[in-house]
Amino acid sequence: MMTRSTFMKGALITATASLLVPLAACSTDAGGEAGGKVPIQWWTWDQGQSLSYEKCADAFNEANPDIDVTVSYYNWNDYWTKLTAGFVAGDAPDTFMNHANYFPEYVSQGQLLALDDLIASSDFDLDRFSVGVDTWTYTDGKHYGLPKDWATEVWYYNEDAVADAGLTAEDMQNMTWAPDGSGTFGEIVKKLTVDANGVHGDQPGFDKDNVAVYGLMPMGLQGNNGQDSWSGFLSTTGWTLGDEKNWPTRFQYDEDVFKESLDWIRSLSADGFSPKNGAFTTEIADWLGSGKIAMAGSHTANLGSLTSIDGVNISFAPTVIGEDGERSSLTNSNGDSIWAGTKHPDEAWKWVSYLGSTDCQSLAGEDGTFFPSIPESMKVTQEAMKAKDIDVAPLVELVESGQTFTTPVFQRGGELDATLKPMWEKYWNFSADSEIFDQMAAESERILAQQ
């Protein structure tokens, strides 16, 4: 599932990973072969999934008494540092939860095992997955991960702020927009904004320089693909980040529709409806929990935590409806990979293929901690979340109706981040206008052309 902003996190790992060299299959047996069992490690950065998939590990170990799977959880930053260190030292985990940002680098360094022969020999059916298969296919046409989950973007909003603005849940569920700013989204943001004198943003006398509650979060913090902010707007126009679905040769920032759309989104900050870039240094839970921001975009991995903030009633709505009457919501899929250095590839595959089974994803999905990539298992999760008064049916409908898209997979994410970030900052700080997008597109083309 989705993590924090997709590309802002890539620089640390890519910079570290660039020091790696391909390793031979020489892994150590962490924990030894106690009792004659083959030890297989599986790592994840998601605490909820670590607990849910612990149930799968218990079931797997019971069914396979000659294998001992252990589950380890590390927080996001520590996870990638430890994984990289394991690659260097030759003692990485046999199997691990992987992220689409990092797997291209790992494949190019020889750190991941291609799964195709194992898939073929075990008659494993990739068609069982609703999302993610293309994400885990490298430029060589081989698969280096099995999809395990999916997430998509939503707008989290303060129910009390919505009611105070005279809006309804139906208004929030059906927000519309167009690149010129027309549609209900902009009007809703204005109504949700309140200055220090209690005047709403759509009322006479609104003071944009003295705002108590912003209708919308800061929109310039989401990296190269606008994951939690502008991605769901631009995609309704037919615009795509890359010129190819995967492995693009350039980012299409220089297109007119992109410039027009971003200029309108940035104008919400100039007009006082969204904070200036850098005005808030905390994250979404604090924004919503403090009541200082009425609506913020994020992914469905946060559904449980953000809809249960103490003292605040938070609900969520799908991304905006475009001029053609359709939504287009970013979705992604994390995957399970096998380290190329494992001493036990067959046992590792047996575990990873079980992770990608309906039995395991349904067992783990009972907790409602993630969205399984297998539709039958997603139904289990959907019922579990409904029991918690969280109805994800509208989000499932987006996938089933084809109103989702994925960000492209590409190399050199760290270099792209480092190069483009200062330009993004200039734009969102109003020290550069949309002409900077021409330079950004050119820089992306130069970087992506490198081998």
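Contact here means heavy atoms within 4.5 Å. The model is predicted, with local features requiring pLDDT of at least 70 and side-chain atom pairs pLDDT 80 or more, while totals for chains, interfaces and linings use all residues. Residues are numbered from 1 along each chain as its sequence is written, and side-chain values use heavy atoms, without hydrogens or water.

**View A. Contact of helix H2 with helix H13.** Helices are DSSP runs (H or I, at least four residues), numbered from the N terminus. On the H2 side are Tyr 53, Cys 56, Ala 57, Ala 59 and Phe 60, which meet Lys 350, Trp 351, Tyr 354 and Leu 355 of H13. By class, these are eight nonpolar, no polar and one charged (nonpolar: Ala, Val, Leu, Ile, Met, Phe, Trp, Tyr, Cys and Pro; charged: Asp, Glu, Lys and Arg; polar: the others, Gly among them).

**View B. Packing of H2 (residues 47-63) and H14 (residues 358-365).** Their axes, lines fitted to C-alpha atoms over the stretch in contact, are 7 Å apart at an angle of about 135°. Angles run from 0 to 180 degrees between N-to-C directions. Ser 52, Tyr 53, Lys 55, Cys 56 and Ala 59 of H2 make the contact with Cys 360, Gln 361, Leu 363 and Ala 364 of H14. This contact has six nonpolar, two polar and one charged residues.

**View C. Axes of H2 and H13 (residues 345-355).** The two helices pack at about 130°, with axes 11 Å apart. H2 is therefore oblique to H13.

How values were computed. Angles under 35 degrees count as roughly parallel, over 145 as roughly antiparallel, 65 to 115 as roughly perpendicular and the rest as oblique.
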